[in-house]
Amino acid sequence: MAPPPLLGGADLWRPVAAARGAGWATAVTLLVLLASHLVRRRLRRGGGVASLIARTEAAAVAPAPASASGFVLPLEGLVTEDDLRQLVGSLGVGAREPEREGWEHVISKGNDDVSYRAWCDKPTAGPPRYLSITTYERCSTEQLRDFYMDNEYRMQWDNTVTKHEQLQYDENSGVEVGRTIKKFPLLTPREYILAWRVWETNDHSFYCFIKECEHPLAARQKKFVRVRLLRSGWCIRKAPGRDACQITVLHHEDNGMNIEMAKLAFSKGIWSYICKMNNALRRYPQHGNPSVSILTMQKLMKKFPDDLEAAMDATLPASQTRAATVVPSTQTARTSPCKLPGKKSSRQMIASGLLLVGSIVCLSRGRSNLGAQLAMALFLKKAFKQERDSGPSTSRGRTDVTRPRR
């Protein structure tokens, strides 16, 4: 008997009259056998069904990321009520009569929406400390608090902040830890690993204390300069007798910059930054749903200590009277409107840019002689002053009450 003819690939899957559909049944059977073979091999390698089930259960109960679990690093002692008490004491003394307490006046400016005053304290070594009081008209304390604490929104309006991520938080202590990257012209980006905590008083004032820390999820990287010192605290309260609220800030930071360069950058650019911040604050109600930063803050915020609030209430009338003299009302003080883009000529803009670049390059060189750095800083300060005095005056009565440092 002659052997049957070999079937080609098409003939193999062609149905026959006696068993129509038998080819597809064969294919399904082969696939089932192949899958069963692969499962058996997987179970043999992994130690059987029990091992597979154990691995599945382990994955299901694995801890959440550090930002949600709060068990990567003990956070209870990072920011304490002792830090809050020191902050309240510093704000209570310094913000009432800063110049009598040894603070050097730096700047006072304002317009119909916002007013800003700042003082500087120069320690014998290290960077200066700054005390500032900013008053926002037609703004509630809750809105200002959320605006200041919304790190996601800050990345939209503050072009120095390039990245922010939550590392960890602890609901028991109310402490949160985060990582922020800031960029500065012609300098290596700065990396901030910070811990902070927020308290609320009975009258809906808010206090926050922030300090530098280390965290296992934020290893040092050569492409960033880790900020080694940052102690900052603020109080947001309603302005007495006005539809406004004010934030008083104490800030001390060593980010590795040349001290003279940092002071020059502050005095030259802080008012423009305040105007930019005010514009972002006015847009904030239309921003949308609360961000992760705000939801976390609302969950972690703690009640202000009762004994500390009672001690503050005992001196409240004097504090309110003095606070009214610290921040001038825009109705009695002449205003300084925010500078609008396009007011300077192209020649002035080029000159300002060259001066700024020159200051950063010269003052940031670590090998420069200290006398040369000081001379360059004084030259740039004088050049900026001449440029400001020669610039066009605004139509409104403008008063820049920035005073030279003593």
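Visitor: Which residue in β3 stands opposite C120?

Guide: C120 stands opposite Y130 in β3, and strands here are DSSP runs of E with at least two residues, while helices are runs of H or I with at least four, both numbered from the N terminus. This is a predicted model, in which local features need pLDDT of at least 70 and side-chain atom pairs count only at pLDDT 80 or more, whereas totals for chains, interfaces and linings use all residues. Residues are numbered from 1 along each chain as its sequence is written, and side-chain values use heavy atoms, with hydrogens and water left out.

Visitor: How many bridges pair β2 with strand β3, and how many join strand β1 to β2?

Guide: Two strands pair if DSSP finds at least two bridges between them. In this chain β2 and β3 (residues 129-137) are antiparallel and share eight bridges, while β1 (residues 104-110) is joined to β2 by six, again in the antiparallel sense. I107 has A118 of β2 as its bridge partner, and a hairpin of three residues leads from β1 to β2.

Visitor: Is strand β2 mostly covered or mostly uncovered?

Guide: In a regular strand the side chains alternate between the two faces of the sheet. Strand β2 (residues 114-121) is mostly covered, with seven of its eight residues buried, where buried means under 20% relative accessible area, exposed over 50% and partly exposed in between, taken with a 1.4 Å probe on protein chains only. Over the protein chain, buried residues make up 39% of the 406 residues.

Visitor: How is the packing of α6 against α9 and helix α8 to be read?

Guide: Two packed helices are described by the angle between their axes and the distance between the axes. The axes are lines fitted to C-alpha atoms, for helices over the stretch in contact, with angles from 0 to 180 degrees between N-to-C directions. For α6 (residues 141-149) and α9 (residues 292-300), the axes come within 9 Å and cross at roughly 120°, and the pair is therefore oblique, since angles under 35 degrees count as roughly parallel, over 145 as roughly antiparallel, 65 to 115 as roughly perpendicular and the rest as oblique. The contact (heavy atoms within 4.5 Å) is made by R145, D146 and M149 of α6 with S293, I294, M297 and Q298 of α9; by class these residues are three nonpolar, two polar and two charged. Here Ala, Val, Leu, Ile, Met, Phe, Trp, Tyr, Cys and Pro count as nonpolar, Asp, Glu, Lys and Arg as charged, and the others, Gly among them, as polar.

For α6 and α8 (residues 259-283), the axes come within 10 Å and cross at roughly 115°, so these two helices are roughly perpendicular. Q143, L144, F147 and Y148 of α6 meet M277, A280 and L281 of α8, a contact with six nonpolar residues, one polar and no charged.

Visitor: Is W196 buried or exposed, and which residues does W196 touch?

Guide: W196, in strand β6 (residues 190-200), counts as buried because its relative accessibility is 9%. Leaving aside residues up to four places away in sequence, W196 touches V79, M149, N151, H164, G174, V175, E176, V177, G178, C208, F209 and I210.

Visitor: Is K222 buried or exposed?

Guide: K222, in the loop between β7 (206-212) and β8 (225-226), has 87% relative accessibility and therefore counts as exposed.
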